[in-house]
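Here are a few notes to go with your first look at this one. Have the viewer open and follow along.

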Amino acid sequence: MGLFKKSPQDKVNEAFKLYQQGMDALRSNDAARGIPALEKAIEIQKEIGEQNGEFVCRYQLGDVYIQMENHSRAILHLKKALDLAGVLGKHDEKIDLNFMLGRANRFAGHPDQAIPFLEEAARLCRAKGDHERLCSALNNLGLAYRHTSNAAKARLTYQEALADPAI
């Protein structure tokens, strides 16, 4: 770059271009190109304080890493996305992020760590009256309880899901 630094707008444009390249690559099932582009976009967004862009990239990477069964990387990005969702007031996304974190922890063999996230997803669904996502959260929560040998809590959780009027 020589004597001149990039302007903030140049960095915003660069981060957005990397995001678009990453998403295009992921839509083409090319994670080898998509992931590094999104990771680089996050670096730039953190540098310039662009929290919305960082949130979107982390959310996408969390989802991709779950699909790739790289649960530790998924959890890393999803936790940071959840923190950003709180800062940015993205309440609807908090349901999905808690659900995804619960599933990633459960799939990683940590059902005890999955429970708080799935309980929070269920709580948020109840508060919003979102019966569709509530049933899914309760099903996963029941599985987590079952895998922690808490059959009584699993049973109660499944009973709540079955009692939901949306079923």
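Leaving aside its neighbours within four places in sequence, which residues is F55 in contact with?

1. F55 is in contact with A81, L84, A85, L88, K90, E93 and L97, once neighbours within four places in sequence are set aside. Contact here means heavy atoms within 4.5 Å. Before going on, bear in mind that this is a predicted model, where local features need pLDDT of at least 70, side-chain atom pairs count only at pLDDT 80 or more, and totals for chains, interfaces and linings use all residues. Residues are numbered from 1 along each chain as its sequence is written, and side-chain values use heavy atoms, with hydrogens and water left out.

2. F55 turns up again in the largest nonpolar core, which has 29 residues; F55, L78 and L97 touch the most other members. (A nonpolar core is a set of buried Ala, Val, Leu, Ile, Met, Phe, Trp, Tyr and Cys residues joined through side-chain atoms within 4.5 Å; buried means under 20% relative accessible area, exposed over 50%, partly exposed in between, with a 1.4 Å probe and protein chains only.) Helices α1 (8-27), α2 (31-48), α3, α4 and α5 (91-107) each supply at least two residues of this core. Apart from it lies another core, of 17 residues, including A122, C125, L141 and A154.

3. Next, the aromatics. The count comes to two aromatic pairs, taking Phe, Tyr and Trp rings (six-membered ring for Trp) with centres within 6.5 Å; planes under 30 degrees apart are stacked, over 60 edge-to-face, the rest tilted. F55 and Y59 form a tilted pair, 6.0 Å centre to centre with 55 degrees between the planes. Because they are four residues apart in helix α3 (residues 51-67), F55 and Y59 are separated by about one helical turn. Helices are DSSP runs of H or I, at least four residues, numbered from the N terminus. Both F55 and Y59 are buried.

4. Helix α4 (residues 71-88) holds H77, and V87 is also placed in α4. H77 counts as buried because its relative accessibility is 1%, while V87 counts as exposed because its value is 57%. The side chains of H77 and E39 are joined by a polar contact of 3.1 Å (a pair of N or O atoms within 3.5 Å; within protein, one must be able to donate a hydrogen and the other to accept it, and residues adjacent in sequence count only if both atoms are side-chain atoms).

5. Finally, the cysteines: a search of the whole structure finds zero disulfides, meaning pairs of cysteine sulfur atoms within 2.5 Å. For C125, the nearest cysteine sulfur, that of C135, is 9.1 Å away.
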